[in-house]
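This briefing goes through one protein chain by topic. Please look at the model first.

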Amino acid sequence: ESELCEPRGNAASLQALFAMMQFTKRKFVDPQDFICKLGLNPSIQQDAQEFSKLFISLLEDSLAHQKQDSVRTMIQKQFRGEYAYVTTCQKCMNGSIRPSHFYELDLPLAGNKTIGECLQDFLKIEKMTGDEKYYCEKCCSKQDATRCCKLRELPPILNLQLNRFQFDMQLGRKKKLNSAIQFPEELDMVEYLGPEGKNSKYSLTGVLMHLGPDANHGHYIANIQDMETGSWVRFSDETVNVLQGKSLKLGMDDEFAGPGPGLKKPGAGKPIKSMGKLGDKVQTSNNAYMLVYMEKQALLDIRSNEIRERIKKDLSRTAAFKKQSISSSEYCLSNGKIFPVNFPPHLKTKIDKDNLEFEEERDERLSSRENERIETRLKQQRMVERYRSLHFDEAMGPDSFEFLTLSRTTKGVM
């Protein structure tokens, strides 16, 4: 029966992983099954940017066989944008436009201090001269030319990948750039789009940082914004914490997200004039590797929808506790969790089973701790009774006792 609840394919394993993250009672979820289905070795660190590219491509191919159009085109609608490589002959000014789709923008980091500078560097005009002359079909010969990339359409979720690793010819391996980069919490892309560009205003929703000396070693930490509440959560392997405070340092790794107000430091969230139109609140990081922005209107729509769904869930939970039935309810209560009524039965069974196991493990840990406390108290009581049973005469002077040094006592214990 347990085997029937386990996912078989890549897409099914990802669906199960997301379902477990949403409905589990645990603080974290182990993605071991999904990692193994991708054919990756969990003991070998993968580059986050390379994994992102491969994962998006794999997911797009897996969903291409789905019957529902909304599912089949999900990745394209959420992550895919379009730019064009424009080459212009400097003799006849004839232009060649080659459009292409993208799922992320690989921005150059070297020599740039802000995301604005990175975008300008990515879109800058390059001259093609000498051996790199462009063959112009109109001139029927090689001519000096210019080439640039122009953004034409941006996706609802904009993934900016910073090229923090560069290949060092002398070392024979990739070298990490630890230079600081400033990125805004509110990003306006209007000046980087063409005249027909839409969806220009974005909000920061994710920051991935790489901590370590090079590409093959280190540790990843992700700060991700909750879509419903707007609060930020830090993910560091098995440690998951909600970031506290008003002026959060989303690009810093030296502030572990504890419950106190320790995240508030001077300079966080203050306006930096050099960012221009890129927004008011600006973050700074020496380790930021990937930045995820979401189009503001899409984010507002998601939050509005989450609020509506939360109200429905609360009504279903209240009705379940009062043993009332709601004919139009879209949710049901199971093992203390609210599930959609059309939730896949095999996933619901898997989650319920895992939550029950978690409760048993928790009760066992609590029982074990209570037994340890009881045993400790009993030992203390026995020690007190033993000392009280020792014979002691107040008339006896200090010469009647032999005092042991601490070193002798320690050696006796050892």
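The model is predicted, with local features requiring pLDDT of at least 70, side-chain atom pairs counting only at pLDDT 80 or more, and totals for chains, interfaces and linings using all residues. Residues are numbered from 1 along each chain as its sequence is written, and side-chain values use heavy atoms, with hydrogens and water left out.

**Overall make-up**

- The chain has 10 helices and 20 strands; these are DSSP runs numbered from the N terminus, with helices being H or I of at least four residues and strands E of at least two.
- Of the 414 residues in the chain, 33% are buried (buried is under 20% relative accessible area, exposed over 50%, partly exposed in between, with a 1.4 Å probe and protein chains only).
- Contacts (heavy atoms within 4.5 Å) between residues at least 6 apart in sequence join residues at least 24 apart in 57% of cases.

**Nonpolar cores**

- The largest nonpolar core contains 34 residues; such a core is a set of buried Ala, Val, Leu, Ile, Met, Phe, Trp, Tyr and Cys residues joined through side-chain atoms within 4.5 Å.
- At least two residues of this core come from each of strands E3 (105-108), E7 (145-153), E8 (157-163), E11 (181-184), E13 (201-211) and E18 (288-295), and from helix H7 (115-123).
- Another core, of 9 residues, lies apart from it and includes Phe-34, Ile-56, Ile-75 and Tyr-103.
- Within the largest core, the residues that touch the most other members are Ile-115, Leu-151, Leu-158, Leu-160, Phe-183, Met-189 and Tyr-293.

**Cavity**

- The structure holds 1 cavity of 30 Å³ or more; a cavity is a set of points, on a 1 Å grid over the protein atoms alone, where a 1.4 Å probe fits but cannot get out, and lining residues have an atom within 4 Å of a point.
- About 30 Å³ of space lies in the largest cavity, where grid points are joined across faces, edges and corners and the volume is the space filled by probe spheres set on the points.
- Its lining consists of Asn-10, Ala-11, Leu-14, Phe-34, Leu-38, Phe-55, Leu-58, Leu-59 and Ser-62.
- Helices H2 (10-23) and H4 (48-63) are the elements that give two or more residues to this lining, and H4 gives the most, with 4 residues.

- H2 has 14 residues and reaches 20 Å from its first C-alpha to its last, close to the 20 Å expected at 1.5 Å a residue (the expected span is 1.5 Å times one less than the number of residues).
- Buried in H2 are Ser-13, Leu-14, Ala-16, Leu-17, Ala-19, Met-20 and Phe-23, and their cover includes helix H3 (32-37), H4, strand E20 (337-340) and helix H9 (345-389).
- H8 (residues 296-321) has 26 residues and should span 38 Å, which agrees with the 37 Å between its end C-alpha atoms.
- Buried in H8 are Ala-298, Leu-299, Glu-309, Ser-316 and Ala-319, and their cover includes E13, strand E14 (219-225), E18, strand E19 (331-334) and E20.

**Positive phi angles**

- Most residues other than glycine have a negative phi.
- Met-93, not a glycine, has a positive phi of about 60°; Met-93 is in the loop between strands E1 (81-89) and E2 (95-102) and is exposed, at 51% relative accessible area.
- Cys-140, not a glycine, has a positive phi of about 55°; Cys-140 is in the loop between strands E5 (134-136) and E6 (141-143) and is exposed, at 55% relative accessible area.

Key
On a 1 Å grid over the protein atoms alone, a cavity is a set of points where a 1.4 Å probe fits but cannot get out, and a pocket is an open set with protein on both sides within 12 Å along at least five of seven lines; lining residues have an atom within 4 Å of a point.
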